[in-house]
Amino acid sequence: MCDKHLHDEIGDDHMSANLETPLRGDAFELSAEEKVEKIEADFRNIMETLGLDLTDDSLKGTPKRVAKMFVKEIFGGLLPERKPGMSTFDNKYNYNQMLVEKDIVVYSTCEHHFLPIVGRAHVGYISKGRVIGLSKMNRIVEYYAKRPQVQERLTMQIVKAMQEALGTDDVACIIDAKHLCVNSRGIKDIESSTVTAEFGGAFKENEQLRKEFISYIGMKTPFNV
């Protein structure tokens, strides 16, 4: 099988062979501004190849806008300096039940077609002496979402980051998201969504605990009805 066909098949199957985002060794040699400059020139070439008139007032600023959006916004998770601080605190109140932060908004980008992934992440953990600020959980999700992704890898990266920060394997994450590469092209199925889950430690070992976590996610409150 030729390389092109192999790559096409891997992309269509949404497979990922590595927990880490695939990056070259020189990924961080250019500054953010240098990346913007290069991408601006590249995207200008794409637009011109498509036959667009970049002298038009509506289009002439698009290459720069897209370049800045790529580097500083939708792929900001590729900038090491954007990684959120993982400071934790002593669990002084001895809360030893699971804590769940649910309905965290996910905006990511499919690495196969560079189209949006939009959904919700639900993250839970059981403290083993350390707790993390609630907003940090949202920031961890955002940081790993802001890069070319596959949903399976994103789910695992969130769990791994939480485990490392908290010093416990007892972390779980479920993501339910729509992929515009499915919804807006190809099969064009606008109703389907993709659900992925990663369970660590007690969540993996204890079926009742997993069920409890899932029940928390399904709870209707005044904030999500």
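Q: Where is Phe114 found?
A: In this predicted model, Phe114 sits in the loop between β2 and β3.

Q: What about its phi?
A: Phe114 has a positive phi of about 55°, although it is not a glycine. The hairpin of β2 and β3 has five residues between the strands.

Q: Is Phe114 buried, partly exposed or exposed?
A: Phe114 is partly exposed, with a relative accessible area of 44%.

Q: OK, the strands. How many bridges join β2 to β3?
A: Ten, with β2 (residues 98–110) and β3 running antiparallel.

Q: Which residue of β3 stands opposite Ile104?
A: Ala121.

Q: And what does β3 do with β6?
A: β3 pairs with strand β6 (residues 171–179) in the antiparallel sense, over nine bridges. Ile117 has His179 in β6 as its bridge partner.

Q: How many residues of β3 are buried?
A: Eight of the eleven in β3 (residues 116–126), so the strand is mostly covered.

Q: What's the strand order in the whole sheet?
A: The order is β5-β2-β3-β6-β7. The sheet is open, has five strands and shows mixed pairing.

Q: Which strands stand at the edges?
A: β5 (148–149) and β7 (194–199). Each has a single partner strand, so one side of each is left without a neighbour in the sheet.

Q: How do β6 and β7 run, parallel or antiparallel?
A: Antiparallel, joined by six bridges. Within that pair, Ala177 stands opposite Thr194 in β7.

Q: Is Cys181 buried or exposed?
A: Cys181 is buried, at 4% relative accessible area.

Q: Now the domains. How is the chain divided?
A: Into domain 1 (32–73) and domain 2 (85–218). Their C-alpha centres lie 33 Å apart.

Q: Where does the largest pocket lie?
A: Between domain 1 and domain 2, because both give residues to its lining.

Q: What volume does the largest pocket have?
A: About 580 Å³.

Q: How many residues line the largest pocket, and which lie nearest its centre?
A: The lining has 19 residues. Arg24, Ala27, Lys35, Ile39 and Leu78 lie nearest the centre.

Q: What kinds of residues make up that lining?
A: They divide into 13 nonpolar, one polar and five charged.

Q: Which helix gives the most to the lining?
A: α2, with three residues. Both α2 (32–49) and α3 (62–74) supply at least two residues each.

Notes:
Residues are numbered from 1 along each chain as its sequence is written. This is a predicted model: local features need pLDDT of at least 70, side-chain atom pairs count only at pLDDT 80 or more; totals for chains, interfaces and linings use all residues. Side-chain values use heavy atoms; hydrogens and water are left out. Domain bounds come from an automatic or database domain assignment. Buried means under 20% relative accessible area, exposed over 50%, partly exposed in between (1.4 Å probe, protein chains only). Helices (H or I, at least four residues) and strands (E, at least two) are DSSP runs, numbered from the N terminus. Two strands pair if DSSP finds at least two bridges between them. On a 1 Å grid over the protein atoms alone, a cavity is a set of points where a 1.4 Å probe fits but cannot get out, and a pocket is an open set with protein on both sides within 12 Å along at least five of seven lines; lining residues have an atom within 4 Å of a point. Grid points are joined across faces, edges and corners, and a volume is the space filled by probe spheres set on the points. Ala, Val, Leu, Ile, Met, Phe, Trp, Tyr, Cys and Pro count as nonpolar, Asp, Glu, Lys and Arg as charged, and the others, Gly among them, as polar.
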